[in-house]
Each structure stands twice: as C-alpha cells, then as structure tokens.
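Please walk me through this structure in plain steps.

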Amino acid sequence: MINLEKFNCNISAQMDNAKKYNNTKLAIGISKGLVSFVILFLFVFFGFSYNLEKFIELYIYNDYLRLIAFTLILGIASSILFFPLDYFSEFYLEHKFNLSNQSFGRWLWENLKEALLGAAIGLPLLIIFYFILRTYNNYWWLPFGIIMFLFSVFLAQIFPVFILPLFYKITAIDNEDLKNRIIELGKEANLKIENVFKFDMSKNTKKANAAFTGLGRTKRILLGDTLLNNFSNDEIETVIAHEMGHYKKKHIVKNIIISTILSFSSFYLIAKLYESTIKLFGFNSILEISALPVLVLWGSIIGLILTPLSNYISRKFEYEADEYAVKVTKKKEIFINTLNKLTEQNLGDKEPHPLIEWFFYSHPSIKNRITALKKLN
C-alpha cells in the first residue's frame with residue numbers, strides 16, 4: 001500500500017529543491033548582470049577605460065590590434081573577477097542539487113573551449129564592426145545589422161555540423177521504432193528527415209533535452225542520451241512533435257523576421273544614444289576605442305528592455321507548438337506526463353512567481369502549459 005504522507009512529503013521536498021535551485025540561479029544571474037553593468041560604468045566614468053587605451057598605445061600602434069588587446073584585457077579581467085561566482089553557479093550548485101556529472105577539470109576544460117570559440121567568432125566580428133564604425137560613423141547600425149543578419153543565418157547552418165561536435169559526440173540513434181515515428185512526424189509537418197541523432201549530454205549533466213537545429217541541408221533533430229535513456233518512445237515522440245510544431249507553425253521564419261526587426265531597431269537606438277551621450281563620459285569621438293564600453297552599456301539597457309517582449313513572443317510560440325504536438329500525436333496525457341517528468345529531471349520550477357515568468361521565462365511555466373493543454377479537445 002502506498003504511503004501517501006511520505007509520497008506527498010517527497011513531492012514537497014522536490015518542489016522546495018526546485019524553488020531553491022532556480023531562485024539561487026536567478027539571483028546569481030541578476031546580480032552578475034547588475035555588477036557587470038556597474039563596474040563597466042565606473043570603469044568608463046572614472047577614466048580607467050581611457051587610461052587603458054593610452055597604456056596599450058605605448059606598445060601597439062595599429063588601431064585594430066589595439067582594439068583586440070583592449071577587448072582581451074577586459075575579457076580576461078572579467079573572467080578572473082567573476083570566476084568565483086561562475087564556479088558557484090555552474091559547478092558547485094549543479095553538484096549540490098545532483099544535476100552535474102562533470103569533474104572540476106572537465107568543467108574548466110568546457111569553459112575554456114567556450115571561451116576560445118567565443119574569441120574565434122567574436123574577435124573577427126569586432127574587427128568588422130570597428131571597420132564599419134570608422135567607415136560609416138553614426139550610420140554604422142545599418143550595414144552592421146545586415147552583416148549580423150547574414151552571420152546569424154550562417155551560424156545557424158554550421159552550428160550542428162561544426163560547432164556542436166566540438167562539445168559533444170554526435171551519432172545516429174539505433175532505435176528504429178523511434179526513428180520511424182520521427183520520420184512520420186516529419187512528413188506530417190512537411191519536413192524531410194533522413195536521420196535522427198543523439199549526443200552524449202550525460203557527460204556533463206543529468207538534465208534531459210532535445211533540439212531541432214540547423215537550416216537548409218544542415219537541419220538536425222538531436223536527442224540527448226539522457227532523454228533516450230529515461231523516456232519511452234511515446235514520451236519522446238510527443239517532445240519531438242512539439243519541436244515539429246515550431247517548424248509547422250513557421251516559428252523559425254517568424255523568429256528570424258522578429259529578431260531582425262528587433263536587431264535593426266536596437267542597433268539604431270544604441271547608435272543614437274551612443275552618439276548623444278559620448279561627450280558626457282569625456283570622449284570626443286565615437287571612434288575612440290576606450291569609448292566603446294559606453295556602446296556596450298546602452299546595448300545592455302536596450303537588451304533588458306526588450307527581454308519581456310521577446311520572451312512573451314517565445315512563450316506564445318511554445319503554447320502553439322504544444323497544441324500542435326497534442327493534435328498530431330493524440331497523446332495529450334502522455335505529453336502532460338512527459339512535461340512533468342522533464343521538469344522534475346531538470347529540476348525546473350513548476351510554478352515560478354508570475355512576474356519572474358513574465359520577465360525572464362522564454363517558455364511558459366509547466367503549470368501554465370499543462371493548464372492550457374487540459375483545455376484542448
């Protein structure tokens with residue numbers, strides 16, 4: 001006979017753990033963002049940015065090389081400054097709540113790879129940006145917006161083929177029944193699927209996930225081995241049907257259009273604000289390398305303002321994809337159980353504060369998703 005009191009206590013303890021985990025991660029994320037903003041503001045306001053540029057000028061004469069040196073020094077300093085916070089959030093906390101499979105050495109290695117990849121991608125973009133800034137001055141936002149649009153499309157194409165394999169081993173799944181089900185789901189969504197892949201997510205975490213990545217010929221359905229090992233074919237089918245819903249409902253195209261509009265609008269606003277406030281920080285030209293952190297500060301503010309809007313749109317698309325998954329699989333209860341199971345395995349907060357969900361969540365809370373699903377016929 002089931003001990004209901006013990007069962008309810010276990011559920012309550014798990015929900016408390018999820019609350020503590022998510023609230024702690026959120027508090028650290030907010031704190032890190034605020035501290036980063038304040039430090040960067042003070043760095044510029046008190047002339048440290050200007051002094052750093054003048055120091056670099058003693059040794060490096062090329063403007064672009066000075067820009068790279070300036071950026072690397074700030075990046076390394078930031079990494080050192082926030083290392084304790086990153087360690088606590090990404091390593092200690094994940095182990096404390098029994099979510100991580102990483103050793104300390106592997107955690108360091110994965111972060112180093114991310115940093116090197118970020119530099120390999122980011123520094124060329126930075127050089128392109130500075131060239132455009134010098135060429136077009138206050139109108140940099142338009143050509144740079146076009147460059148970023150083209151680059152984001154290119155990055156989406158190469159991500160599953162060249163970038164993800166740097167971090168995970170990717171192989172075709174050997175579950176023929178599941179593969180055939182996913183191929184049939186693809187046909188329903190007018191999407192040709194030739195193969196389904198898995199990646200060794202378990203090397204880093206106990207969390208489970210699936211993804212639909214790539215564009216054009218590089219489109220891939222990727223399943224974490226933690227998902228394959230802990231969920232039935234029916235459960236995984238509903239998860240993939242949800243991902244197919246994004247394709248069927250043209251969310252990918254809509255997201256590209258929306259993000260393009262938001263990007264160009266953001267770049268325009270940042271350019272205007274940067275130009276109009278540059279003298280307040282003691283700079284004479286928008287081309288000064290030491291002035292560029294001002295541009296970053298405005299970018300942070302604009303990004304923060306746009307966060308609730310982009311998250312609202314994302315949540316709307318998630319509801320639509322959920323509805324599609326139920327419609328195409330006719331497995332509403334299985335899908336609901338799967339969402340609950342995923343949330344429990346990933347230690348997600350099933351019922352965050354409405355304000356937190358509105359501002360920070362790109363996906364609806366599980367409580368709201370299930371409420372919406374139960375209303376479907």
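**A walk through the model**

R106 is partly exposed, because its relative accessibility is 33%. Here buried means under 20% relative accessible area, exposed means over 50%, and partly exposed lies in between, with a 1.4 Å probe and protein chains only. This is a predicted model: local features need pLDDT of at least 70, side-chain atom pairs count only at pLDDT 80 or more, and totals for chains, interfaces and linings use all residues. Residues are numbered from 1 along each chain as its sequence is written, and side-chain values use heavy atoms, with hydrogens and water left out.

Stay with R106. It forms a salt bridge with E110, and the closest N and O atoms are 3.6 Å apart. A salt bridge is a side-chain nitrogen of Lys or Arg within 4 Å of a carboxyl oxygen of Asp or Glu. Both R106 and E110 lie in helix α4 (residues 104-136), four residues apart, about one turn of the helix. Helices (H or I, at least four residues) and strands (E, at least two) are DSSP runs, numbered from the N terminus. E110 has a relative accessible area of 6%, so it is buried.

Side chains of opposite charge can pair when their charged atoms come close. How many salt bridges does a search of the whole structure find? It finds 21. One of them joins E94 to K207, with the closest N and O atoms 3.7 Å apart. This pair links distant parts of the chain, 113 residues apart: E94 is in helix α3 (residues 63-96), and K207 is in the loop between β2 (197-199) and β3 (210-213). E94 counts as buried because its relative accessibility is 8%. K207 is partly exposed, at 21%.

Another salt bridge joins R369 to D322, and here the closest N and O atoms are 2.7 Å apart. Again the pair links distant parts of the chain: R369 sits in helix α13 (residues 366-374) and D322 in helix α10 (residues 292-329), 47 residues apart. R369 is buried at 8% relative accessibility. D322 is buried at 1%. Elsewhere, salt bridges that share partners join D177, R181, D234, E237 and K331 into one network.

Now turn to the rings. The structure holds 24 aromatic pairs. Rings of Phe, Tyr and Trp (its six-membered ring) pair if their centres lie within 6.5 Å; planes under 30 degrees apart count as stacked, over 60 as edge-to-face and the rest as tilted. Y168 and F199 make an edge-to-face pair, because their planes stand at 70°, with ring centres 5.1 Å apart. Y168 lies in the loop between α5 (141-163) and β1 (170-172) and F199 lies in strand β2, so the pair ties together parts that are 31 residues apart in sequence. F199 is buried, at 9% relative accessibility. Ring pairs also link F83, Y87, F91, F104 and W107 into a cluster.

Charges meet rings too. K203 lies over the face of Y168, 5.3 Å from the ring centre. The charged end of K341 sits over the ring of F231, 4.5 Å from its centre. Such a charge is NZ of Lys or CZ of Arg within 6 Å of the ring centre and within 35 degrees of the ring normal.

Next come the strands. Is strand β4 (residues 220-224) mostly covered or mostly open? It is mostly covered: four of its five residues are buried. β4 pairs with β2 in the parallel sense over three bridges. Two strands pair if DSSP finds at least two bridges between them. In this pairing, F199 stands opposite G224 in β4. β3 and β4 run antiparallel and are joined by four bridges. T213 stands opposite R220 in β4. β3 and β4 form a hairpin with six residues between them, and G214 in the turn has a positive phi of about 90°.

Two asparagines also have positive phi. N137, in the loop between α4 and α5, has phi near 55°. It is partly exposed, at 34%. N190, in the loop between α6 (176-188) and β2, has phi of about 60°. It is exposed, at 59%.
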